[in-house]
Amino acid sequence: MTAARTNRRRLGSRLAPYALILPGWLWLVIFFVVPAVSMLSVSTMTGNDLDGFKQTFHFGTYSQAWHDFHTQIVRSLLYGLIATAICVLIAYPVAYWIAFRGGKYKSSLLFLLLLPFFVSFVIRTQSWEFMLEDDGMVLRALRDLHLVGFMQDIGLVSDSGQILQTQVAVVGGLVYNFLPFAVLPIYVALERVEPALLEAAADLYASKPAAIRKVVLPLSLPGVFAAVLLTFVPASSDYVNSTILGGTNTTMIGNIIQTQYFTNLDYPTAASLSFILMGILLVGIFLYARALGTEDALAMAAAR
Amino acid sequence: MTASVEAAPRSARQPRRRRVGRGWLLPIWGWLVILWLSSPIIVMIVYGFNDGRPGKGVSQHWNGFTVTWYENLFVYSDLTEAIKNSVTIALATTAIAVVLGTLMGVALGRFRFRGSGSVNLLLFANIAAPEVVLGAALLSLFLAVNIPRGYGTILIAHVMFSIAYVVVTVRARMGGLDPALEEAARDLGAGPIVTFFRVTLPIIFPGVLAGALLAFALSIDDYIVTSFNNGTTQTFPLWVYGAAQRQGGSVPPQVNVMGTLIFSFGVLVAVIGAVASRKRA
Amino acid sequence: MSESLPPELTPDLLRGLTSPRLNRRRFLQLGGLSALGVGLSACSIAGSKGSGGGLGGQAWRDEIAKFWANQKKQGHLDFANWPLYIDVKGNSHPSLDLFTKETGISVTYKEDISDNATYYGTKIAPALKAGQPIGPDIIVITNGFELTNLFLRDWLIPLDQNRMSNFYQYASDLAKDPAYDRGNVYTMPWQSGITGIGYNPKLIGHEIKGWNDLLDPKLSGKVGMFANNLDLPCAALCAIGVNPETSTPDDWNKAADWAKKQRTYVRKYYDQSYAGALARGDLWATMAWSGDIFLKQAENPDLKFVVPEEGGLIWTDNMCIPIHASHPLDAMTYMDWVYQPKIAAMLADYINYITPVSAAQQVFQKEAADATNDKDRAYYTNLANSPLIFPEPADFARLHRYPVIPADQVDAWNGLFEPIYQA
């Protein structure tokens, strides 16, 4: 190859990543970053809707918002965390099943997994409400099986014998609504693990669980990380499940932000709460990425 | 032990799979989860056949079997239009977000370059941003630049929050992409575009498919961001939520029917896909 | 008002004179880009208070008259309403088709409004602050904070009082001259509803008579209330014996205490789905809209609705014309047209909320009398006697409207009551 061609190649490959990133990046900068920055500026304005808001770089809104709503913020993060943990636990075997046993039907199975989401969240959550009602299918089944007392002991059913309007219902709703978001990334990571690796492990006298633990699990960690990212973050800002399935003490920060924005017309507070939430989530994600031991959180070269 | 180390073609070798014991646990779990995810849908399908007072919300009491709602499916013209809009917007969103997101995912996974950290931050921030703020901020942008709100702005908004999800799933797949494969292709004379379509894309296809499914689901089910930026274009979640508001939480039976039809159509697509893949193998 | 009037005081002028809003100095720019608000900029968000221009009451009325004199009928109308809030038959709305046939004005009907606050916050406020039209010529907004905001910001076109002949002839006392819009300057009611208590006497063991009956420990965990900053506070005010419309901040504090005390018994503060919860027994008693309870009685005949003895609440969804609307005259024509009794009956037949035209009752009675078979006769008799559409006069006395909270006290009101349902 001539020097010129090599140089052009090198330049081409140097520019390649930027060229690939450009369209998506541009879209996000125009339609996300610019609006987000304007919202950031709103969060430090003072005033009211009738008389107008002026930029005064008033950061007190942030501390006031935290003071007023830290209970809901912490609660949302907690619900999000629990829901994510349960999601990953449920999702991992499903993803494993589709990736390793799905064969030719992988795409169809994935599609089936997501199918319930093509009908509106209103319908889904209302159907859940219907199933979880005090005299509904789930509780009636539990009563027939004499499991209610047991369920109450472990806290899944309230002392008054209900599931709806408890934290359990809200977290359950979150798990339900975000499960596919956990399955898909884990599936994607598991799918690239070659079955030959597992066979090699078996040949080396590893038992199946040990093989999974030592071979598959580490290789699938990027997928688990992505699953946590795509589940924990949106689950913490969710408001639908709390509204429909929740009770008097399960309000999440998403509800609060909605009220501040729509009912109180208090745009600075709504913006500050959003950025507080975003900030905590971002810090959490980066800490988690660090804990996984990579500096580039999303690219983990598999040891081969 | 030496025999199994020899390179016998994998397809010819009979794998020593243990069909009993552990073999059945995974599929049962998998199907249970799929069933669980679909259970509200089953309720919805059943109630699409529930007789009741016409035009006024679904009765939760079983009133008898009827197919009236199927006959009167298009009674609510707004509902029909809403579904049409939702489906077409979701398809378009998926198409655009998959293209933009895959390119970004490939770049981030394949190359190390200056600025990749800030791009990651951008994507994380996009996923982390609460919807109310996303929607409101975008609307103020549209107003400032005087873009009329409608189908186009909904599309822009949906692509905006879907790209990051596609990038994340494609990225999770990129780790397995051996750069040697692409170099080999190039050595064989393939240009970058051919390499991408013939070598890279098939390998990362699961990630792309996963991202596409996520983008579609996100788009077809979105409420808040859409409610800011839709102008007078109606979408399915908006209509259903509005209908439920004035009826104490119940929706017209036609909603259940529409949902059933969407779901059935999806199952049909999945079955066709399964049959087609069987043929392919 | 019924004594003989001096000649220069025409009835519509007098109506206008009685509205307190006209005494404030307001200058309204109609039809062009308003000077109100310049849109969200990075450095500030313009306020939207109507800018006083120093015009007194008469000058303002002249402006309105001049505006309407310049309007021409254009043959089209965009109407935004709540879902399932108009008659439906097959694929069309018979009342709208009839309107088009009789007046030649075509109607584009969109069910865009799902919630007052969301519609206000996503469609009305951003557009009008940027000086752009919102699209529809008629919107339907419930009396409450959003409607009051629309008045304060001069975001509605005052109605042409000369084109409201059907309204003034047929509108019920409920619809005419409501406290939140004296003189019907901006709004004409579409439908109204009652907030009271729905309950299941079989499960409770006795009747529920009022809000204070909900403070029963035996009902603990089986009581529902609304999660909004109007119904909940006003119910609490009624419960402590105060008329919400004349309540003072002191009363609000006491009401908040009542609501906090009640909180331990409340299962949930509901956005929507209380009726289903009541029908299936998750709730035994709940704050409720009369229309919803009526619907659920088909499922569970044990359910009952009562207007609480301390006081219930009546709300009204109002038709109004936003500024920058493209077809105001066509809008006026429609708004008055629906006040004919036979049209009101058409709508009430389907919608089943309180109709603003009491004469619709006679229409139903006549239909019942003219009916050719028993089924139709029973149907129309039911409609004519329906307490949902035509409330009992006895109930009326106990119904209150939401108060109009002064702008500088809204934050205090919200700060008192929101933490109760948003803890």
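**Chain C and its interface with chain A**

Chain C exposes about 15,900 Å², and carbon and sulfur atoms supply 53% of that area. The structure is a predicted model, and every value below was computed from it. Of the 423 residues of chain C, 61% count as buried, while the contact between chain A and chain C draws 39 residues from chain A and 38 residues from chain C.

**Chain C on its own**

- Chain C contains 17 helices and 11 strands, and 61% of its 423 residues fall in the buried class.

**Area buried between chain A and chain C**

- The size of an interface is often given as the accessible area lost when the parts come together.
- For chain A and chain C the buried area is about 2,900 Å², with carbon and sulfur atoms giving 45% of it.
- On the side of chain A, the three residues A:Leu50, A:Thr248 and A:Phe262 supply 24% of the area that this chain buries against chain C, which is more than any other three residues supply.

**Polar and charged pairs across the interface**

- The rule finds 2 salt bridges across the interface of chain A and chain C, and C:Lys222 forms a salt bridge with A:Asp134, in which the closest N and O atoms are 3.3 Å apart.
- Across the interface of chain A and chain C there are also 16 residue pairs in polar contact, counted where both residues have pLDDT 80 or more.

**The side of chain A that touches chain C**

- The elements of chain A that give two or more residues to this side are helix 1 (3-42), strand 2, helix 2, helix 4 (121-132), helix 10 (240-245) and helix 11 (253-263).
- Helix 11 of chain A gives the most to this side, with 7 residues.
- By class, the side of chain A that touches chain C is made up of 12 nonpolar, 19 polar and 8 charged residues.

**A:Phe59 in chain A**

- A:Phe59 and A:Ser272 are 213 residues apart in sequence, whereas their C-alpha atoms are 8.9 Å apart in space.

Technical notes. Residues are numbered from 1 along each chain as its sequence is written. Chains are lettered from A and ligands numbered from 1 in the order in which they are written. This is a predicted model: local features need pLDDT of at least 70, side-chain atom pairs count only at pLDDT 80 or more; totals for chains, interfaces and linings use all residues. Side-chain values use heavy atoms; hydrogens and water are left out. Helices (H or I, at least four residues) and strands (E, at least two) are DSSP runs, numbered from the N terminus. Buried means under 20% relative accessible area, exposed over 50%, partly exposed in between (1.4 Å probe, protein chains only). Accessible areas come from the Shrake-Rupley method with a 1.4 Å probe; for residues, only the protein chains shown count as cover. Contact means heavy atoms within 4.5 Å. Buried area is the accessible area (1.4 Å probe) that two parts lose on being put together, summed over both. A salt bridge is a side-chain nitrogen of Lys or Arg within 4 Å of a carboxyl oxygen of Asp or Glu. A polar contact is a pair of N or O atoms within 3.5 Å; within protein, one must be able to donate a hydrogen and the other to accept it, and residues adjacent in sequence count only if both atoms are side-chain atoms. Ala, Val, Leu, Ile, Met, Phe, Trp, Tyr, Cys and Pro count as nonpolar, Asp, Glu, Lys and Arg as charged, and the others, Gly among them, as polar.
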